[in-house]
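Morning, everyone. Please look at the structure on the screen, and then we'll go through the ligand and its surroundings.

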Amino acid sequence: MKIGIIGAGNVGGNLGTVLAANGHEVLFGVRDPQSDKTRALLDAAGPKARAGSAQDAAAFGDVLAVALRWDVLPEVLGQLGDLDGKVVIDCTNRFSTPPGGSTNSSEDIARMLPGTKVVRAFNTIGAEHYGAPMFGGERASMFIAGDDAQAKAVVGRLAEEMGFEVVDAGPLASAIALESLTRAWVGLSQQLGRDIAFKLLRR
Ligand SMILES: NC(=O)c1ccc[n+]([C@@H]2O[C@H](COP(=O)([O-])OP(=O)(O)OC[C@H]3O[C@@H](n4cnc5c(N)ncnc54)[C@H](OP(=O)(O)O)[C@@H]3O)[C@@H](O)[C@H]2O)c1
């Protein structure tokens with residue numbers, strides 16, 4: 001698939017590197033495509049990855065991953081142009097409600113990107129684990145939420161290729177619950193270290 005990634009820090013860099021290793025075409029949308037940091041990322045990500053502006057990445061991807069911190073997100077997303085029909089992966093976490101925002105940050109992103117199909121994913125685990133989802137012989141769960149079944153299937157396949165066990169947590173309204181799960185992960189990681197992941201058990 002053609003995947004644009006807006007932001008190439010911990011989340012965007014790790015996600016794009018794993019997706020490129022899995023054979024997808026990745027375009028990182030960054031502020032400076034020529035920076036040493038971007039060059040080092042492209043070296044690590046290999047021949048399937050390249051870099052351009054955020055607008056380039058948005059235009060390129062059939063799937064677009066948002067991997068920005070919230071302080072810059074409204075401004076950057078506001079400049080991306082028409083994204084009608086694209087699948088947008090919301091990888092972000094927002095731990096407080098800004099003025100004018102709702103309690104559901106993924107629904108806020110959906111409002112900022114009208115016509116897109118937003119799926120929340122890759123938020124409930126440290127980004128350094130995207131390429132290593134096995135924990136002591138167990139596959140970590142990847143919780144996803146969204147309103148469009150086809151978009152969720154696309155994102156679920158990407159996460160499964162990465163080696164995660166995908167758990168459909170329901171509609172985008174469930175993003176609030178997933179953000180709580182992230183808070184739990186962050187709190188636990190401060191006591192136990194970051195080599196931890198959630199797994200849903202069933203019987
Ligand atoms: N870290 C984790 O383990 C983790 C896991 C799950 C979810 N999250 C969430 O994912 C989001 C990103 O986190 P992160 O850890 O990847 O943050 P990060 O390492 O700080 O990366 C943020 C990226 O955004 C870029 N950026 C900043 N301003 C920009 C602008 N105006 N235009 C384009 N790009 C811009 C930065 O570029 P520069 O390098 O040029 O500054 C950087 O590449 C956050 O919402 C976080 O809560 C984080």
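By class, the shell around the ligand holds eleven nonpolar, six polar and four charged residues. Here Ala, Val, Leu, Ile, Met, Phe, Trp, Tyr, Cys and Pro count as nonpolar, Asp, Glu, Lys and Arg as charged, and the others, Gly among them, as polar. In total, 21 residues surround the ligand, each with a heavy atom within 4 Å of it. The closest are Val11, Arg31, Lys37, Arg69 and Ala127.

A word on the source. This is a predicted model, where local features need pLDDT of at least 70 and side-chain atom pairs count only at pLDDT 80 or more, while totals for chains, interfaces and linings use all residues. Residues are numbered from 1 along each chain as its sequence is written, and side-chain values use heavy atoms, leaving out hydrogens and water.

Now the polar contacts, meaning pairs of N or O atoms within 3.5 Å. A ligand oxygen is 2.7 Å from a side-chain N or O atom of Arg69. For Arg194, again a side-chain N or O atom, the distance to a ligand oxygen is 3.1 Å. Asn93 uses a polar backbone atom, 3.2 Å from an oxygen of the ligand. Taken alone, the ligand exposes 910 Å², and the protein buries 78% of that, by the Shrake-Rupley method with a 1.4 Å probe.

Where does the ligand sit? The space it takes is the largest pocket; more than half of its atoms must lie within 2 Å of the pocket's grid points for that.

Technical notes: A polar contact is a pair of N or O atoms within 3.5 Å; within protein, one must be able to donate a hydrogen and the other to accept it, and residues adjacent in sequence count only if both atoms are side-chain atoms. On a 1 Å grid over the protein atoms alone, a cavity is a set of points where a 1.4 Å probe fits but cannot get out, and a pocket is an open set with protein on both sides within 12 Å along at least five of seven lines; lining residues have an atom within 4 Å of a point.
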